[in-house]
Amino acid sequence: MAFYDQLKMLYDQGLYSNVSSLANMILTVSESTPDLLTFSTKYQTYVYYADSLLNLKEFKKAEAMYKKALQLKKSLAKTKGKTQPFLMSEVTSEVDVKYKAHLCLVNLKQHSQAAALLDTIPAKQRTSCVNMALAKLNHQNGNERVAITSYKEVLRECPFAVDAALGLLTLGVKAAEVASLMLNNSINAANIDWLSLWIKGHSHLHAKELSLAISAFKQIDIKTHLRDNTDVLVSLGEAYYYNGDFQNAMAVLERAHCLDSLLIKGMDIYAAILAKEKKLKDLESLATRLISVNENVPEPWIVMGYFCLAVKKGTKALNFAQKALNLAPRYIEALLLKGTILFELKKTQDALTYFGEAFKICPLRYETVKGLVDCYLLLHRNREASAVIGNACKNFGHSARILTLCATVMSKDPLQAEKAKPILEKALKQDPTYLNAVYLLASIYEQERLYEKGIELLKKHMEQQTSCRLHQMLGDFLARTNEHEKALHHFSIALNMDPSNHKAAEGSQRVEQNPESSESYEVDDIADSENEADLEESEVEAVWSDVEYN
């Protein structure tokens, strides 16, 4: 027993590499000296050995040792009465051993086997920890009914298990039912006025009732003691982002990042916005910081992917997206990133696969619909694009974004192109600040050579807000109407706002080379327009085109 006592002392002191070495020796010696260990101490030696290997991240070997411990326990049960019984107060329970073995399988990406192992634990013996693990695994594997049952078991024992509550809300369980599990009579509600709002906010968020979600999270931040809580701010930022309000989303997520520079949750969405806005220094800084915080979750790899994509390193971006998917195969942001990168690399059929998978998981995300539509249009599968946008109109309602996307699909069909203009006008009436509708309507005017209408439209919206693309497009129209000095002025503004805007640079060059006539400009640009009709712009702009991606 002296060896075993020394092993236990090493284990209690957390000297795991020493435990691993000594346990291996003790188990080898015990094979030729059966009296060295009792059944219970041999069982516990296997557990100590496995625990140490788990801490040392030797997951495969640790799982094998846990299995040996369980087999030893099982063999003892078959020979009951003939050998020494287990002293249960002195050994790790079978439930705990199975839970730890499941952790090894999860780290080995064997999620189905991990769930199957936990399923062998009788329901009455399952701890909250086991139920939470089962809930997450079944949620991840798409077994929603089983996941809901397990999440509810966790909340019945631990009413403030907020991740379990969030899991239920994500799966569509009503806010009132979740609240009844959390806010029982034994809890003093005096200082938790925020909890009901938190439940409502997440319920609205996952039901894609985004205006209500934004209202709830703003109330929590403004009116409760949870002001400046990063979890609440991330949820608010996500709601703004899903609703297409990128400026507010960026402001809120930036605030969360400033409050906690080590924050990971929500930073992948923040990165998507930074990339879209071409804030490359901020994006690079975020990527560098997050990758040093935690490499074992998908968000830092997604941020790295967006940075590489923004600086036109598509292959590297693809590798980072795949790393994120290896860590979380059903994570929506990783699927969207990989689809976006493949689309930008002109691997449209592959991109369609990832956008399709994202759509299956989250059909109410605008980005999944947009990705599918872009791919179908590029593949000249307009009928499928029309079907997707038709369903989106039913699910999302007639928001400015959806109307603009609908007009994009119609503009590709000669038989329906004329219907695109009134739809865009309706979108702008609903949201006069939605520039994507302006860009697409101006492009239609350009195709129809209604240059004066295009100039009027762009100038009108330039009075309210400005963007690089507004100035670039206005420069194009002015060049076509032979107002060369004004055209050069707007091309110059566009290039000051974004020096990488190739259209503004090309437009400026054309005007300077042909100051007396717009004829050659029009011929060249119409050819360019035909080449780009299927969403092919510059490498990065094809992904975050102001019209096509927002």
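His471 is buried, its relative accessible area being 7%, where buried means under 20% relative accessible area, exposed over 50% and partly exposed in between, computed with a 1.4 Å probe on protein chains only. This residue is placed in helix H27, which spans residues 468-480; helices (H or I, at least four residues) and strands (E, at least two) are DSSP runs numbered from the N terminus. Leaving out residues up to four places away in sequence, His471 touches Met462, Thr466, His490, Ile493, Ala494 and Met497, contact meaning heavy atoms within 4.5 Å.

The model is predicted, so that local features need pLDDT of at least 70 and side-chain atom pairs count only at pLDDT 80 or more, while totals for chains, interfaces and linings use all residues. Residues are numbered from 1 along each chain as its sequence is written, and side-chain values use heavy atoms, with hydrogens and water left out.

The protein contains 30 helices and zero strands. Of its 550 residues, 52% count as buried. Among contacts between residues at least 6 apart in sequence, 55% join residues at least 24 apart. The structure holds zero disulfides, a disulfide being a pair of cysteine sulfur atoms within 2.5 Å.

Two helix pairs were examined. Helix H15 (residues 267-276) packs on helix H16 (residues 280-293) at an angle of about 155°, and their axes lie 9 Å apart. Axes are lines fitted to C-alpha atoms, for helices over the stretch in contact, and angles run from 0 to 180 degrees between N-to-C directions. H15 and H16 are therefore roughly antiparallel to each other, since angles under 35 degrees count as roughly parallel, over 145 as roughly antiparallel, 65 to 115 as roughly perpendicular and the rest as oblique. Their crossing, that of H15 and H16, is left-handed; this term applies if the near helix is turned anticlockwise from the far one by less than a right angle, and right-handed applies if clockwise. On the H15 side the contact is made by Met267, Tyr270, Ala271, Leu274 and Ala275, and on the H16 side by Asp282, Leu283, Leu286 and Leu290. By class, the residues of this contact are eight nonpolar, no polar and one charged. Here Ala, Val, Leu, Ile, Met, Phe, Trp, Tyr, Cys and Pro count as nonpolar, Asp, Glu, Lys and Arg as charged, and the others, Gly among them, as polar.

Helix H20 (residues 348-361) and H21 also pack at an angle of about 155°, with their axes 9 Å apart. H20 and H21 are therefore roughly antiparallel to each other, and the crossing of H20 and H21 is left-handed. H20 contributes Thr348, Ala351, Leu352, Phe355, Gly356, Ala358 and Phe359 to the contact, and H21 contributes Glu367, Thr368, Val369, Gly371, Leu372, Cys375, Tyr376 and Leu378. The contact of H20 with H21 has 10 nonpolar, four polar and one charged residues. Cys375, one of the H21 residues in this contact, is buried at a relative accessible area of 0%.

His380 is found in the loop between helix H21 (366-378) and helix H22 (382-396). With 59% relative accessibility, His380 counts as exposed. Its phi is positive, about 60°, although His380 is not a glycine. Lys208, in the loop between helix H11 (193-206) and helix H12 (210-223), likewise has a positive phi of about 60° although it is not a glycine. Most residues other than glycine have a negative phi. Gly397 lies in the loop between H22 and helix H23 (400-411) and, at 26% relative accessibility, counts as partly exposed. Apart from neighbours within four places in sequence, Gly397 is in contact with Ala392 and Ile402.

Lys98 is placed in helix H5 (residues 94-107) and counts as buried, at 11% relative accessibility. Residues up to four places away in sequence aside, Lys98 touches Leu70, Leu117, Leu118, Thr120 and Ile121. Lys57, by contrast, is exposed, with a relative accessible area of 59%, and lies in the loop between helix H3 (39-55) and helix H4 (59-78). The C-alpha atoms of Lys57 and Cys104 are separated by 8.5 Å, the two residues being 47 residues apart along the chain. Cys104 is buried, at 0% relative accessibility.
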